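Here's a quick tour of some side-chain contacts and a bit of surface. Have the model open as you read.

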Amino acid sequence: MENKGGPLTEDLQFLDPNLPDMSATRVRESKKPFREAIVFMVGSGNYIEYQDLQDSAKKGPTSKNIIYGTTEMVSSSEFLRQLSVLGGKRFGV
């Protein structure tokens with residue numbers, strides 16, 4: 001949320017409705033730290049990811065608001081069950 005560039009973020013698109021030109025290049029060049037973010041996972045999300053985002057929002061001198069969404073929220077046991085099903089399909093078990 002500090003808007004620092006790097007190899008992990010070079011393919012991501014950042015949209016800031018406060019800037020007049022919505023090109024991804026313009027947003028990255030602004031270097032303005034974000035105070036609000038929306039994180040949406042397509043597929044399974046879990047409470048640990050949510051809690052990590054909330055912990056990250058509390059760090060630093062200013063608080064941040066992070067909205068977390070997912071197409072499916074699963075418990076840790078359901079996540080492990082999904083992994084075992086996927087592993088069985090991959091390895092023919």
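## The salt bridge

How many salt bridges does the count come to? It comes to 1, taking a salt bridge as a side-chain nitrogen of Lys or Arg within 4 Å of a carboxyl oxygen of Asp or Glu. Bear in mind that this is a predicted model, where local features need pLDDT of at least 70, side-chain atom pairs count only at pLDDT 80 or more, and totals for chains, interfaces and linings use all residues. Residues are numbered from 1 along each chain as its sequence is written, and side-chain values use heavy atoms, leaving out hydrogens and water.

The partners are Arg 81 and Glu 78, with their closest N and O atoms 2.7 Å apart. Both sit in helix 3 (residues 76-91), 3 residues apart, or about one turn of the helix. Helices here are DSSP runs of H or I with at least four residues, strands are E runs of at least two, and numbering starts at the N terminus.

## The aromatic pair

There's 1 aromatic pair, meaning ring centres of Phe, Tyr or Trp (its six-membered ring) within 6.5 Å; planes under 30 degrees apart are stacked, over 60 edge-to-face, and the rest tilted. Tyr 50 and Tyr 68 have ring centres 6.1 Å apart and planes at 45°, so the pair is tilted. Tyr 50 belongs to helix 2 (residues 47-58) and Tyr 68 to strand 2 (residues 65-74), 18 residues apart, so this pair links distant parts of the chain.

Tyr 68 is buried at 13% relative accessibility, while Tyr 50 is partly exposed at 36% (buried is under 20% relative accessible area, exposed over 50%, partly exposed in between, with a 1.4 Å probe and protein chains only).
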